[in-house]
Amino acid sequence: MVMATTTSTAANTSLASVTLEVADPEAARRFYSAFGVDAYIRLRASDAHSTGFRGFTLALTVAGPATVDSFFGAAVDAGATVLKPAAKSLWGYSGVVRAPDGTIWKIATSAKKDISPATREIDEVVLLIGVEDVKATKQLYVGRGLTVAKSFGGKYAEFAPGQVGPLKLALYKRRALAKDLGVPAHGTGSHRIVLGGTADAYTDPDGFVWEAAAAPAPTLS
């Protein structure tokens with residue numbers, strides 16, 4: 001497997017914001033505030049039909065296992081459902097939860113041992129979307145101005161973040177993503193997520209909707 005990597009030049013187009021479509025924005029706002037991620041997402045009321053796996057996850061990368069446990073516990077205490085308990089793996093330490101609005105969140109670190117106390121700091125927020133054809137979707141996004149940062153053949157692709165916000169976008173095979181999250185791959189209806197970009201509005205072949213971002217997303221502290 002060959003990995004292609006570009007330089008760190010900022011993309012002409014980038015993911016600037018993520019809007020979750022939820023049935024009850026006020027309840028969702030309370031949950032995400034308690035979880036500690038409300039600064040990194042937007043909420044919009046929607047009753048769009050959606051069943052099963054919605055085809056994406058939002059992933060938090062943090063410094064160590066204790067911080068994973070801190071965010072994981074906060075999410076569960078606020079009403080999230082555990083999909084995968086936090087545990088060590090080949091790649092580090094992680095856990096997966098489903099928010100009350102249905103959004104799946106993965107909290108992870110590459111560290112397997114704690115070398116410092118738990119914090120509430122987030123190193124990176126990644127929107128990982130599951131697609132049928134990683135290579136084709138990658139080329140579509142490159143054609144629309146995104147810059148590839150990492151690419152592992154037809155299995156995974158990651159785009160360079162822009163200068164307007166802390167969000168990073170990555171692509172994964174839909175079935176592989178569902179397996180990693182511990183859920184069945186089948187799903188129908190709306191993804192119930194809108195990607196805010198620095199270019200014009202469009203919908204990609206997997207049904208993910210992009211729109212012009214109204215304003216830059218907050219910067220990670």
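Let me begin with phenylalanine 35, which counts as buried because its relative accessibility is 0%, where buried means under 20% relative accessible area, exposed over 50% and partly exposed in between, with a 1.4 Å probe and protein chains only. This is a predicted model, in which local features need pLDDT of at least 70 and side-chain atom pairs count only at pLDDT 80 or more, while totals for chains, interfaces and linings use all residues. Residues are numbered from 1 along each chain as its sequence is written, and side-chain values use heavy atoms, with hydrogens and water left out.

Turning to the rings, a pair is counted if the centres of Phe, Tyr or Trp rings (for Trp, the six-membered ring) lie within 6.5 Å, and planes under 30 degrees apart count as stacked, over 60 as edge-to-face and the rest as tilted. The whole structure holds 10 aromatic pairs. For phenylalanine 31 and phenylalanine 35 the centres are 5.7 Å apart and the planes stand at 45°, so this pair is tilted. Which residues do ring pairs link into a cluster? They are Phe31, Tyr32, Phe35, Phe71 and Trp105.
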